[in-house]
Amino acid sequence: FLNLKKNDTLTFKEFRKGYYKLIADEQIECIFPRAKYNENTGYYNLFLNVKREKPFKARLGGIISSDNMNGGFFGVEYKYLRQSAYSVYGNIYFGKLYSSIYGRLRIDNIKLVPYFWQVYLSLNQWDYYRGSSFLFYEDKRPRYIFQSERLLGSDFAFPLKNHSKIMIGFQTFDFTYNYYQTPHFQLTDTNDITTFVGTSPFVLIERNSLNNIE
């Protein structure tokens, strides 16, 4: 993790810096370091017992209610660690009011110049008319009946020293709204449609001050 060669030595400060870099990796669950004194060299030999995160995870959840707000969730993630770290994640929400699909592919380079690159896709939709009977109590119908969002993005990031990172990326989106100009309508009426399409590049610099004595 410090790109050391055989018989290289390092100070405790250098070891601590590299140790925190390694333990911060999402694919590492825990590390148990052990130092053993070497009488021939007068230095300590360092041994690391590294426990990886489980490569496969699945999550299942949901909500059950007395009206039409019932919904469910299922997510799955797979991690693969070799010279670089790879992770694939996806989830799905399903229900009458809200449903979505999300997928992400991420690659972490853990060599001399660390960085990560990820690409993700998100599809969301809201159906306010059929989603919940509570919304129409006393015939208070919303004018936004159907809303859908499609988002595709990609991020590239690398660290700035130990407590900061810079991220460069872009997002392209497509938002569509189906609605009526009046609260009094029938489903057989023709609704209005508004669509917003755009692309948003960005540069983000983030600094974390946790565990900082200052």
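A residue here is called buried under 20% relative accessible area, exposed over 50%, and partly exposed in between, using a 1.4 Å probe and protein chains only. What you are looking at is a predicted model, in which local features need pLDDT of at least 70, side-chain atom pairs count only at pLDDT 80 or more, and totals for chains, interfaces and linings use all residues. Residues are numbered from 1 along each chain as its sequence is written, and side-chain values use heavy atoms, leaving out hydrogens and water.

Let's start with helix H1, residues 12-23. Phe15, Gly18 and Tyr19 are buried in H1. Seen down the helix axis, the buried residues fall within an arc of 105° (taken from the directions from the axis to the C-beta atoms), so they line one face of H1. Lys13 and Tyr20 are exposed on the face turned away from that buried side.

Now to the salt bridges, each a side-chain nitrogen of Lys or Arg within 4 Å of a carboxyl oxygen of Asp or Glu. The count comes to four. In one of them, arginine 150 pairs with aspartate 174, their closest N and O atoms 2.5 Å apart. This pair links distant parts of the chain, with arginine 150 in strand S8 (residues 144-160) and aspartate 174 in strand S9 (residues 164-179), 24 residues apart. Arginine 150 counts as partly exposed because its relative accessibility is 46%, whereas aspartate 174 is buried at 17%.

Another salt bridge joins glutamate 77 to arginine 104, with the closest N and O atoms 3.8 Å apart. Glutamate 77 counts as buried at 10% relative accessibility.

Key: Helices (H or I, at least four residues) and strands (E, at least two) are DSSP runs, numbered from the N terminus. The expected span of a helix is 1.5 Å times one less than its number of residues.
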